Amino acid sequence: MAIRLTLLELVQGMLAAIDAENVTSVGQTEEAGQCVSIVNRCYEDMLSTWRWKHLRTYANLVNNSSNLHELNVPDNALAINPDVMWYKDSANDSGAQKVWYLNPTEFLTMTLSRNLADSGIIELDGIRVHNDRVPQFFTSDDDETLQFDAVVDSSNGLAAARTQTLAWILPSSRLVVDAEVPDLPRQAFPALEDFCIGTAIRELKGDTQAAQQTLREFKSKMANLSRNARVIDKPDDTRDHIVPRRRSRRTLINTGQGFI
């Protein structure tokens, strides 16, 4: 069974692979310090390439925009699932309303049909939004800032604390201490070790051929993890996740009481 390796153990394995002096602490030699940098780069690459289930959590959006109808994705978010977006009505603390994702074109088409002569409609940053209700739809042009089609309070705008979404949140700091362990499932450590060793052989030893062989092992192990282990989320067939960009094939239907 795979074991969870500490930063020091990963560095020691890399030093052995490049025929360098062994160490008892990651700050002991210059080569050990270079290995620490490689471990962090490989670790961060693995975290950002796959949707790891252990990083998935319910989270609030954040208020970082000056526009009242906009909220931002959480700090350190790798992605959010646009199919999981809720907003709690300040006038009804007993429940929350689902907010549906529309792509930017659909969102603009819907909001432009609103009449500014209606006292319940205001224009914010070129978007016509309701100023008296919980939002029903949202979109994003850059996958960092989310635009909503309504604000509950036209003076203060949307409250990030009343939102909830499903997000994959990355660690906020790098590995620097001997005993620190990368935040990965146990099953992923053989792949991480191969990734670190192959990169060290290529960058510090200059043996491209040996590095390619080890890095092929890494890719093979990650492919097996993606297919067989239950530690990585598989994206939906019809929708990507926000950050990076997502698209939708939703068709707007006017029911007379709004678009669905």
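Where does Asp125 lie? Asp125 is in the loop between strand S6 (121–124) and strand S7 (127–130); the views below show this loop and other sites of a predicted model.

**Figure 1. The loop between S6 and S7, with Asp125.** Asp125 is a residue other than glycine with a positive phi, near 55 degrees. The relative accessible area of Asp125 is 53%, so the residue is exposed.

**Figure 2. The loop between S2 and S3, with Asn76.** Asn76 lies between strand S2 (70–72) and strand S3 (77–88). Its phi is positive, about 60 degrees, although Asn76 is not a glycine. Asn76 has a relative accessibility of 40% and therefore counts as partly exposed.

**Figure 3. The protein as a whole.** The protein has five helices and ten strands. Of its 260 residues, 44% count as buried. Among the contacts with a separation of 6 or more, 66% are between residues 24 or more positions apart.

**Figure 4. Helices H1 and H2 where they cross.** Helix H1 covers residues 7–17 and helix H2 residues 30–49. Their axes come within 9 Å and cross at roughly 115 degrees. This angle makes H1 roughly perpendicular to H2. The crossing of the two helices is right-handed. On the H1 side, the contact involves Leu7, Leu10, Val11, Met14 and Leu15. These residues meet Glu31, Ala32, Cys35, Val36, Ile38 and Val39 of H2.

**Figure 5. Helices H1 and H4.** Helix H4 spans residues 189–205. H1 and H4 pack at an angle of about 45 degrees, and their axes are 9 Å apart. The two helices are therefore oblique to each other. H1 passes H4 in a right-handed crossing. H1 contributes Leu10, Gly13, Met14 and Ala17 to the contact. From H4 come Leu192, Glu193, Cys196, Ile197, Ala200, Ile201 and Lys205. Leu10 and Met14 of H1 are in this contact and also among the H1 residues that meet H2.

**Figure 6. Helices H2 and H4.** The axes of H2 and H4 come within 9 Å and cross at roughly 130 degrees. H2 and H4 are therefore oblique to each other. The crossing, in which H2 passes H4, is right-handed. The H2 residues in the contact are Glu31, Gln34, Cys35, Ile38, Val39, Arg41, Cys42, Tyr43, Asp45 and Met46. Their partners in H4 are Ala191, Leu192, Phe195, Cys196, Thr199, Ala200, Glu203 and Leu204. Glu31, Cys35, Ile38 and Val39 of H2 take part here and are also among the residues that meet H1.

**Figure 7. The loop between H1 and H2, with Asn22.** Asn22 is located in this loop. It has a relative accessible area of 51% and so is exposed. Asn22 and Gln12 are ten residues apart in sequence, and their C-alpha atoms are 6.2 Å apart in space.

**Figure 8. The aromatic pair of Phe138 and Phe148.** A search of the whole structure finds four aromatic pairs. In the pair shown, the ring centres of Phe138 and Phe148 are 5.6 Å apart and the planes are at 25 degrees, so the pair is stacked. Phe138 belongs to strand S8 (residues 137–139) and Phe148 to strand S9 (residues 145–148). The two residues are ten residues apart, and their pair links distant parts of the chain. Phe138 has a relative accessibility of 0% and therefore counts as buried. Phe148 is also buried, with a relative accessible area of 0%. Together with Tyr101, Phe138 and Phe148 form one aromatic cluster.

**Figure 9. Lys98 and the ring of Trp100.** The charged end of Lys98 sits over the ring of Trp100. The distance from this charged end to the ring centre is 4.0 Å.

**Figure 10. The loop between S5 and H3, with Asn103.** Asn103 lies between strand S5 (100–101) and helix H3 (104–112). At a relative accessibility of 15%, Asn103 counts as buried. Asn103 and Ser140 are 37 residues apart in sequence, with a C-alpha to C-alpha distance of 7.3 Å in space.

Conventions. Residues numbered from 1 in each chain as written. Predicted model: local features only at pLDDT ≥ 70, side-chain atom pairs only at ≥ 80, totals over all residues. Heavy atoms only, no water. Phe/Tyr/Trp six-rings, centres within 6.5 Å; stacked < 30°, edge-to-face > 60°. Helix = DSSP H or I, 4+ residues; strand = E, 2+ residues; numbered from the N terminus. Buried < 20%, exposed > 50% of the residue type's maximum accessible area, 1.4 Å probe, protein only. Lys NZ or Arg CZ within 6 Å of the ring centre and 35° of its normal. Axes fitted to C-alpha atoms, helices over the stretch in contact; angles between N-to-C directions. Parallel < 35°, antiparallel > 145°, perpendicular 65-115°, else oblique. Left-handed = near helix turned anticlockwise from the far one by under 90°. Contact = heavy atoms within 4.5 Å.
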